[in-house]
Structure formats: C-alpha cells, structure tokens
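Trainee: Could we go through this structure together? I would like to know what stands behind each label.

Mentor: Happy to, so let us look at it first.

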Amino acid sequence: MASSSGAVKSGNPDYTHFISLPLLLHDETVKKLNNFQKSVVGTTKDLGIEKSMFINPKTFHLTVLMLKLSNNDQIKAAAKVLQSVSPKVTEDLEGRPVCIRLTGLACMRGSPEKAYVVHAPLKVTGGEAQLEHACQRIINAFTEAGLVLEEDVNKKLKLHATIMNARYRKSKKSSEKTDPFDARAIFAQHGSEEWGECLIREVHLSKRFVYDINGYFHCCASIPFPEEKQGESGIMKNIFHKVLR
C-alpha cells in the first residue's frame, strides 16, 4: 500500500529484491578473499565467527537499494523503472567505465569489538561523484514510482562491499536476534589489506536468495554501465580481460 508521498508502507520490511552492482573480480582478489576466510575461521575461536558469515566471492556486490516486491506486477514495474533510467545513468557516468579499488576493513555499525557487518571500503577510480549521482538517480526513480518502502525513503546511500555479516550465521535461529562478533583480531591482521580492483559493468534488479547458473543473484532485469572505449589501455583493459565470468 502506498502512502501519500508515494512510498510503500510496511510494518515488516521483508525484502524480496534489491538493486545491485555486481563486482567483477580479478582471480587474485578471489584468492585473497578465500584465503581471508580460511585464515579467520582457522585462527579465531570462541569469537562468534562462523564460515557461513563470509560472503561468497561469486555474489560480491554493492547494494544501491532494497525492495519489497510482492507480486509479478511489481517486479515488472521495477524492471521497467530500471530500464527507463538507463540513458541518464550513462550520462551521469559521462560514458566512462566504472572501476573501484577495495582496501582495508571497516564496520557498518558498532566497532571491531562488537561487529555486525564488516566491509571493504571502496574508492572509485576517477569518478566517485559520478557513481553516486547515477545510484541516486536510480533510487529517486524507484521512489517516484512508489516502489520503495516508506522507512527507506530518506536512507542515505552508502555503497560498500560486505565481506562478513553476522546475520548470515547459520547457528542462529530465525527467531533469535543477531549477535555481534569480535573482529579485533581480524582488523589487526587484515585491516590494511589491498583486496584489489573490480569492474562494474551492469546494474541488476536482483532477487534475494535465488541464484543464476553463474552463482550470482538471479537477475530479473539489468542495464549496462559504459564499457571500455576502443584503444583505452591500463587498468581498465587489464580488468576486462582478467575478470571472472
């Protein structure tokens, strides 16, 4: 049900979909993430840390917006909204490919002593403002279409690449609250890790908890980000040829 502001009212934000930016990773970055998981699980005991809390590199992404789409009509409407902003998104990005660098660790809330979500801070190569503008345009379009939950309308965009999330702890019963974990040893050992560079080639309307054959979240719709121009060299060219498919 939509409110007078056009937002959807919901007493329980049980999200079904989200707008994601899939990250295409170097083999070396995938190796670092896998080694990080093995190292942490193997050396941290009795700190509330489980293997299930680590993000699979195949699903590595940035979240732009969470959505609750209750039926096929809403999913089709969301796909239409995403397609409609494609030209403007390309314009916001000035026709340039988007490359990000992931460095170090940070907590979304809490502290390393009582962490809930640990993520890798990101730096956009030559276009942070442009990427934020493009993402905000997408958010605004979905809000105007009445597809954003009322409690999410004024949330500030914070792009981040989640590495660990306590909510995914398998030993936790669904009725139990999420407990934090002690990440101080993790920050001490990996807090300045250079994870590597990633390329963003698309924006997806992704379905939560459902995965396509490539291991990423099921794509209900997508729009492209600008691609490399002919003759462009350096970081972008290397990434295009070395990313995981």
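Trainee: Which residue forms a salt bridge with R201, and how far apart are the closest N and O atoms?

Mentor: That partner is E227, and the closest N and O atoms are 3.4 Å apart. Please keep in mind that this is a predicted model.

Trainee: What makes E227 and R201 a salt bridge?

Mentor: The cut-off is 4 Å between a side-chain nitrogen of Lys or Arg and a carboxyl oxygen of Asp or Glu. The E227–R201 pair, at 3.4 Å, is therefore a salt bridge. The pair also links distant parts of the chain, 26 residues apart: E227 is in the loop between β13 (217–224) and α6 (235–242), and R201 is in the loop between β11 and β12.

Trainee: Why is E227 called partly exposed?

Mentor: The relative accessible area of E227 is 45%.

Trainee: How many salt bridges does the structure hold?

Mentor: It holds 10 salt bridges. One of them joins E197 and R101, whose side chains meet at 3.0 Å, N to O. Here too the pair links distant parts of the chain: E197 is in strand β11 (residues 194–200) and R101 is in strand β4, 96 residues apart.

Trainee: Are E197 and R101 buried or partly exposed?

Mentor: E197 has 11% relative accessibility, which is under 20%, so E197 counts as buried. R101 has a relative accessible area of 32%, so R101 falls in the partly exposed class.

Trainee: Which residues are linked with R101 in a network of salt bridges?

Mentor: E194 and E197 are linked with R101 in that network.

Trainee: What is there to say about the phi of E94?

Mentor: Phi of E94 is positive, about 55°, although E94 is not a glycine. Most residues other than glycine have a negative phi. E94 lies in the loop between α3 (86–92) and β4 (98–103). E94 also forms a salt bridge with R96, where the closest N and O atoms are 3.6 Å apart. With a relative accessible area of 43%, E94 is partly exposed, and R96 counts as partly exposed at 44%.

Trainee: Where does F209 lie, and what is its phi?

Mentor: F209 lies in strand β12 (residues 202–211), and its phi is near 65°, a positive value in a residue other than glycine.

Trainee: How do you know whether H17 is buried or exposed?

Mentor: H17 has 1% relative accessibility, which is under 20%, so H17 counts as buried. H17 is found in strand β1 (residues 17–22). Not counting residues up to four places away in sequence, H17 touches M66, L67, L69, I75, L205, S206, K207, R208 and C220.

Trainee: What makes the pair of H17 and T16 a polar contact?

Mentor: Their side chains are 2.7 Å apart. The cut-off for N or O atoms is 3.5 Å, and residues adjacent in sequence count only if both atoms are side-chain atoms, so this side-chain pair qualifies.

Trainee: How many cavities of 30 Å³ or more are there?

Mentor: The count comes to one. About 50 Å³ of space lies in the largest cavity. Its lining has seven nonpolar, two polar and no charged residues. Helix α1 (residues 27–43) gives the most to that lining, with four residues.

Trainee: What lines the largest pocket?

Mentor: The largest pocket is lined by 34 residues, and T63, M66, N165, R167 and Y168 lie nearest its centre. About 1,400 Å³ of space lies in this pocket. By class, the lining has 17 nonpolar, 10 polar and seven charged residues. The largest share, five residues, comes from β3.

Trainee: And how many helices and strands are in the protein chain?

Mentor: There are six helices and 13 strands. Buried residues make up 47% of the 245 residues in the chain.

Notes. Residues are numbered from 1 along each chain as its sequence is written. This is a predicted model: local features need pLDDT of at least 70, side-chain atom pairs count only at pLDDT 80 or more; totals for chains, interfaces and linings use all residues. Side-chain values use heavy atoms; hydrogens and water are left out. Helices (H or I, at least four residues) and strands (E, at least two) are DSSP runs, numbered from the N terminus. Buried means under 20% relative accessible area, exposed over 50%, partly exposed in between (1.4 Å probe, protein chains only). A polar contact is a pair of N or O atoms within 3.5 Å; within protein, one must be able to donate a hydrogen and the other to accept it, and residues adjacent in sequence count only if both atoms are side-chain atoms. Contact means heavy atoms within 4.5 Å. On a 1 Å grid over the protein atoms alone, a cavity is a set of points where a 1.4 Å probe fits but cannot get out, and a pocket is an open set with protein on both sides within 12 Å along at least five of seven lines; lining residues have an atom within 4 Å of a point. Grid points are joined across faces, edges and corners, and a volume is the space filled by probe spheres set on the points. Ala, Val, Leu, Ile, Met, Phe, Trp, Tyr, Cys and Pro count as nonpolar, Asp, Glu, Lys and Arg as charged, and the others, Gly among them, as polar.
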